[in-house]
Amino acid sequence: MASSIGNFFRRSLRRPGRREGKDEASAAENTPPQMPQGKVGERSSILCSGQFFFEYLVVVSLKKVSEGHYEPRISYQFPKRENLLKGQREEEERLLKAIPLFCFPDGNNWAPVTEFTSETFSFVLTNVDGSRKIGYCRRLLPSGRGVRLPEVFCIISCLGCFGLFSKILDEVEKRRQISMAVIYPFMQGLRESPFPAPGKSVTIKSFIPESGTELIELTRPVDAHLEHVEFQALLQRLSPPLILHIFASAVLERRLIFLAQELSVLSQCIHAVAALLYPFTWAHTYIPVVPECLLDTVCCPTPFMVGIQLQHLERVLEQPMEEALMVDLCQGKIIRAVGDEEQILPLKLQNEMLMALTKHNYNNNVLTSEQVNALVSEAFVQFFVRLVGHYPAHIKWGRGGSGAFQERSFCKALSSKSCRRFLKRFVRTNMFSLFIEEAERSRIPPEAYFQRRVTEYHEQKKHRRDS
């Protein structure tokens with residue numbers, strides 16, 4: 001089963017860029033799980049109110065196949081879908097075969113235990129038609145006496161909002177300690193509720209034996225681009241200079257490998273790194289936690305961002321890899337680097353981001369998670385505002401309403417030589433190509449957070465010139 005799923009994820013699922021075939025940075029021949037692809041300026045365009053919260057809730061349990069060897073299998077699925085068309089049924093079968101691998105990516109060697117600290121993590125899958133699904137997972141030990149095996153509750157949704165689904169998993173875990181039967185009405189109530197708009201809430205009524213009816217309020221963050229991120233995870237494990245080295249590698253779409261023991265650490269940190277790229281989207285291979293059977297992903301010659309458990313480090317180092325940035329999240333250090341990471345970003349902007357990250361790092365213990373997210377995001381948003389915020393002025397519009405991006409004049413518009421030098425490399429990336437493709441489709445930019453910051457920046461520049 002593992003080999004067939006591995007082949008499935010190695011198929012080319014890339015959305016073609018503007019310069020397909022002309023540049024390695026825009027050539028992603030292997031695109032397994034990816035981040036949701038948003039519209040210009042909004043990472044989470046798929047996050048729409050009125051949708052179902054989730055498609056499935058599955059429980060993945062370990063089934064013994066030999067002494068000390070277990071295989072993850074789905075033991076519970078809600079809802080059961082019937083009367084599917086052939087294509088829908090085949091898609092569901094592929095999805096349900098893949099889920100167990102990503103719920104237990106750390107191999108099949110397990111032993112029953114009496115104590116187990118529950119952990120939360122997530123994975124992202126991209127189907128052959130380009131549709132994306134996120135798996136929100138809670139691995140826990142079922143209630144009972146004696147030794148037991150952990151199981152994973154996995155919520156499959158096309159909606160990216162890690163904090164909100166973590167709260168849902170808290171409620172699932174609380175009910176699991178009572179009875180599996182108590183989970184069903186809660187999830188049914190959730191499924192019948194519309195996904196709220198940004199900044200809005202939805203209230204779920206749920207009955208718990210001996211406790212009565214509970215009202216559970218689920219609130220969606222105001223800024224959609226911060227829904228699936230926890231920047232504190234990065235700040236707690238990596239120094240600001242290291243974070244900027246990682247950002248520099250990601251923004252040029254290089255190969256990035258993250259190492260940690262805990263699935264939750266890998267998941268949170270990789271989602272955070274991808275979120276630093278807002279309003280752009282990582283458009284290549286993206287696997288927050290690589291299952292053991294897919295470790296050869298690191299041999300891929302095209303860009304990737306993957307998370308690997310530390311126990312597999314020796315096997316990874318033995319692989320015939322090309323140049324990559326390898327980061328140990330437990331030790332907070334870089335194991336392997338290309339060597340030019342410090343020279344990629346324009347020095348002045350790099351220093352400004354470094355100061356902002358250092359300031360936020362010092363205040364990390366007194367700020368809420370939401371405040372840290374907003375402050376860190378703003379530092380990187382301003383980086384892109386100042387480097388590419390002039391893009392609308394360099395789209396030439398035809399009579400038919402179609403736009404044509406003027407790359408040469410766009411790159412020359414900046415006065416700083418170091419900024420122009422960086423921009424000439426950045427415009428060759430697939431993430432920039434996809435961003436511009438969306439911009440060329442409409443004269444009116446979307447009312448997104450990035451666009452608001454661009455407008456404010458140009459208004460401030462005009463005010464300074466006029467004063």
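**Close-up views of a predicted model**

**Figure 1. The loop residue Q331.** Q331 belongs to the loop that joins β11 (325–328) to β12 (333–336). In this predicted model, Q331 has a relative accessibility of 56% and therefore counts as exposed, the cut-off being over 50%. Along the sequence Q331 and R237 are 94 residues apart, whereas their C-alpha atoms are 7.7 Å apart in space.

**Figure 2. The protein as a whole, for orientation of the further views.** The protein comprises 15 helices and 14 strands. Of its 467 residues, 55% count as buried. Among the contacts with a separation of 6 or more, 67% are between residues 24 or more positions apart.

**Figure 3. Helix α2 and its buried residues.** Helix α2 spans residues 86–103 and has 18 residues. From the first C-alpha to the last, α2 reaches 26 Å, close to the 26 Å expected at 1.5 Å a residue. The buried residues of α2 are E92, L95, L96, A98, I99, P100, L101, F102 and C103.

Figure 4. E173 is located in helix α3, which covers residues 162–176. With a relative accessible area of 17%, E173 is buried, because the cut-off for that class is under 20%. When residues up to four places away in sequence are not counted, E173 touches S118, R138 and L140.

**Figure 5. The packing of α3 against α4.** The axes of α3 and helix α4 (residues 180–191) come within 7 Å and cross at roughly 155 degrees. An angle over 145 degrees counts as roughly antiparallel, so this description applies to α3 and α4. On the α3 side, the contact is made by I168, E171, V172, R175 and R176. On the α4 side, M180, V182, I183, F186, M187 and L190 take part. The residues of this contact divide into 8 nonpolar and 3 charged, with no polar residue.

Figure 6. S377 lies in helix α11, which is formed by residues 369–388. The relative accessible area of S377 is 5%, and S377 is therefore buried. Not counting residues up to four places away in sequence, S377 touches H225, L226 and F231. S377 and L277 are 100 residues apart along the chain, and their C-alpha atoms are separated by 9.2 Å.

**Figure 7. The contact of α11 with α13.** The axes of α11 and helix α13 (residues 417–426) come within 11 Å and cross at roughly 95 degrees. The two helices, α11 and α13, are therefore roughly perpendicular to each other. F383, F384, L387 and V388 of α11 meet C419, F422, L423 and F426 of α13 in this contact. The contact residues comprise 8 nonpolar, no polar and no charged.

**Figure 8. The enclosed helix α14.** The buried residues are N430, M431, F432, S433, L434, F435, I436, E437, E438 and A439.

How values were computed. Residues are numbered from 1 along each chain as its sequence is written. This is a predicted model: local features need pLDDT of at least 70, side-chain atom pairs count only at pLDDT 80 or more; totals for chains, interfaces and linings use all residues. Side-chain values use heavy atoms; hydrogens and water are left out. Helices (H or I, at least four residues) and strands (E, at least two) are DSSP runs, numbered from the N terminus. The expected span of a helix is 1.5 Å times one less than its number of residues. Buried means under 20% relative accessible area, exposed over 50%, partly exposed in between (1.4 Å probe, protein chains only). Contact means heavy atoms within 4.5 Å. Axes are lines fitted to C-alpha atoms, for helices over the stretch in contact, and angles run from 0 to 180 degrees between N-to-C directions. Angles under 35 degrees count as roughly parallel, over 145 as roughly antiparallel, 65 to 115 as roughly perpendicular and the rest as oblique. Ala, Val, Leu, Ile, Met, Phe, Trp, Tyr, Cys and Pro count as nonpolar, Asp, Glu, Lys and Arg as charged, and the others, Gly among them, as polar.
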